[in-house]
Each structure stands twice: as C-alpha cells, then as structure tokens.
Amino acid sequence: MKVGIVGAGGVGSASLLSLVMRGVACQVVVLDKNHERAKGVVADLQYGATLSPAVELRAGDYSDLADAVLVIVTAGINEKTGGATDRSDPAGRLKLLDTNAGVYRDIIPNIVAVAPQALILVVTDPPDPLADLARQLAGHERILSSGTFLDSLRFRLHLARRLKVNPMYVEAQVVGEHGTSQVFLWSSARVGGTPIAELLERSGQSMDAFRQSVEQDVRFANITIIEGTGASQLGIGMVTARIAESILRDEHAVIPIGSYNPKYGATISLPSVIGRQGVSQILEPEMSDEERKGFQRSAEVLRNAAARITQVPTQRPARQSG
C-alpha cells in the first residue's frame, strides 16, 4: 500500500514519522516544492525506520504517486507565518485560506492526473474549506479533512486532567469547523457513562466556570503551542497517521472527521465511519438546542469560506425542520 505526503514541512515530517512508527504503509513517497528538503527528511528518518515494520521511503515527484491509495496534503503556510495567532481574532485559521487555496490549485490537479483513484486527506489549515476546493479541483468525492479529530482529543485530555482520570475513558467530541466556530458537545460528554455535569455537581464545581476554562484551553491550544515552539505539528502528525491507518486497514472506525455533507452544503466534521473508501456513513449525534444552533452557525461559516475560493458557490443546504 502506497501513501503519498505532499509537503515536507513540520506537519508533513511529523505525519511521516507517525506513519512509520505505526507501520501502516509499505511505501511512502514524500513530495515538496523544495525537493532537497524532501530528500533530507527521508534521509534523516530512514535510519530510525529500521526499528519499525518494513517500509520503503523515498522523496519523489508527482509521477511517483501513481497507484497511491492515499495522498496526504500538508503543504501551505502555517498559522505563525500567516498571522493567525491572535486569540481575539474570530477568523482564526481562516486567515490562511486565500494563500493556501492558491497552493492547492497547483497541487490537487497534479495529484489527480497521476493518482485518480486515490483518497485525498486535507491537513493544511484551514482544512475544511480547502477540502471543498480540493473536491472541486479533483472532480470526485474522495476528499477528507482532518477536521475536529485533534480538537476532540484535546477536549478529552483537558477534561481528563481536571477530573483526574485517564483520557482513554473520557467520551467527548468537538464537531463543526476545525477553527473558532467549533462546537463542544457537552451534553453527551461522559466519563464511564456518567455525564460530566453530574460529576461536577458531586464535587461542588461550577459547570459554567469549568466549561469556560476547558473550552479556552482547547480552542486556543494551537496558539499556546505556537507560542512555545513556533508551530503546532506533532499532535496533528499523530492524528494524520491514525486517520491513514483507519483508511488503509479498512477499520470502519468512528471518528470526528471532515467530509462534504450535502445537508449542510460544506465539508464539516461529524462522527463518521471511515475505511478504505473514505467516509461511508456520517453519524449525527444528539445535540442540545444550544449545540445545534452552534453547529448550524459553524456550517454557515464554512459555507461562506468555501464560497470565497471555489468557482461556483457551495450549494446551500435544504431547510431543516425545527
């Protein structure tokens, strides 16, 4: 099974490392506009790769993506370079959209020309509207966004720390945009089947203060990381590899990931069944009235963003009852 990675920067390199350590591909081809950088990343990692399941690594060109099952696109400017590090700016990652849309207009046709059957996973920020652009450029539906999978893991971790439990046993999801309009599903957040609200009531903690603190940490986790290291890359690299694993092993795993949803007229994240063919089913969880309104606002933000960069405005969703 061949996987391609387009973009050998921090996120692309972290994705490659995580793919190798998970042992989920037989061959990984790395592309970058700076071919020497791609060669250097592969040369560096191939020595440690001898400790992992056998895998062939190489720096290549678009022609080397032929027969790839999955192509991961991480190319583009990051949040620090694009000036998307202001916590008070509601645009967040969407500030990078116009510049990275230009990058995608060059990359996606080149991928499709040599690997027309490959799934394309959009990781570049902002991934959701860029996935809509990629879908239009590719002319097919096999386009995924890394979406809110990482946000959901952050949500689980910050809940677990405060509640002093292992995050593996926290059930909590973030849906909508991978960005400032994301929606935290507090109504269904649980530890061992017990609602978070009930746990807080037992310990005498204020739900409002707890919620505000957690959401602040999760929503701006990327900026906190950037302030320390200059770029958010390791976590998303690990998440990208886990998505790739779900696809390559046809796991039918259920994770919050972005795919085009005709109901909302945009690529947006909801829990979805993912396997070799991409998303086979979108599962829309129950939401409180507040969460539902927030999700609809997030969908509107993403429709408007996609309309800015696609040649034809994104189709508006059908009216929903209620």
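Phe155 is buried, with a relative accessible area of 0%, where buried means under 20% relative accessible area, exposed over 50% and partly exposed in between, computed with a 1.4 Å probe on protein chains only. This is a predicted model, in which local features need pLDDT of at least 70 and side-chain atom pairs count only at pLDDT 80 or more, while totals for chains, interfaces and linings use all residues. Residues are numbered from 1 along each chain as its sequence is written, and side-chain values use heavy atoms, with hydrogens and water left out.

Rings of Phe, Tyr and Trp (its six-membered ring) pair if their centres lie within 6.5 Å, and planes under 30 degrees apart count as stacked, over 60 as edge-to-face and the rest as tilted. By this rule the count comes to four aromatic pairs. In one of these, the ring centres of Phe155 and Phe184 are 5.1 Å apart and the planes stand at 85 degrees, so the pair is edge-to-face. Because Phe155 lies in helix H5 (residues 149-163) and Phe184 in strand E9 (residues 183-184), the pair ties together parts that are 29 residues apart in sequence. Helices (H or I, at least four residues) and strands (E, at least two) are DSSP runs, numbered from the N terminus. Phe184 also counts as buried, at 3% relative accessibility.

## The aromatic cluster

Another edge-to-face pair is formed by Trp186 and Phe210, with 6.1 Å centre to centre and 75 degrees between the planes. Trp186 is in the loop between E9 and E10, whereas Phe210 is in helix H7 (residues 207-219), so that this pair links distant parts of the chain, 24 residues apart. Trp186 is buried, with a relative accessible area of 6%, and Phe210 counts as buried at 6% relative accessibility. Ring pairs link Phe155, Phe184, Trp186 and Phe210 into a cluster.

Strands E7, E10 and E11 form an open sheet of three strands in the order E7-E10-E11, and their pairing is antiparallel. Strand E7 (170-171) and strand E11 (194-195) stand at the edges with a single partner strand each, so one side of each is left without a neighbour in the sheet. Two strands pair if DSSP finds at least two bridges between them, and E7 pairs with strand E10 (residues 190-191) in the antiparallel sense over two bridges. The bridge partner of Glu171 in E10 is Arg190.

## A buried serine

Ser15 has its place in helix H1 (residues 10-22) and is buried, with a relative accessible area of 0%. Leaving aside neighbours within four places in sequence, Ser15 is in contact (heavy atoms within 4.5 Å) with Ile5, Thr74, Gly237, Thr240 and Ala241.

## The whole chain and its confidence

The protein has 10 helices and 14 strands, and buried residues make up 52% of its 322 residues. Among contacts between residues at least 6 apart in sequence, 68% join residues at least 24 apart. Along its principal axes the C-alpha trace spans about 60 × 45 × 35 Å.

The average pLDDT, which is the predictor's confidence in each residue from 0 to 100, is 94 for the protein, and 96% of the residues score at least 70. Over residues 318-322, however, the pLDDT is below 50, and this stretch has two contacts in the model beyond near neighbours in sequence. Where pLDDT is low, the predicted coordinates should not be read in detail.
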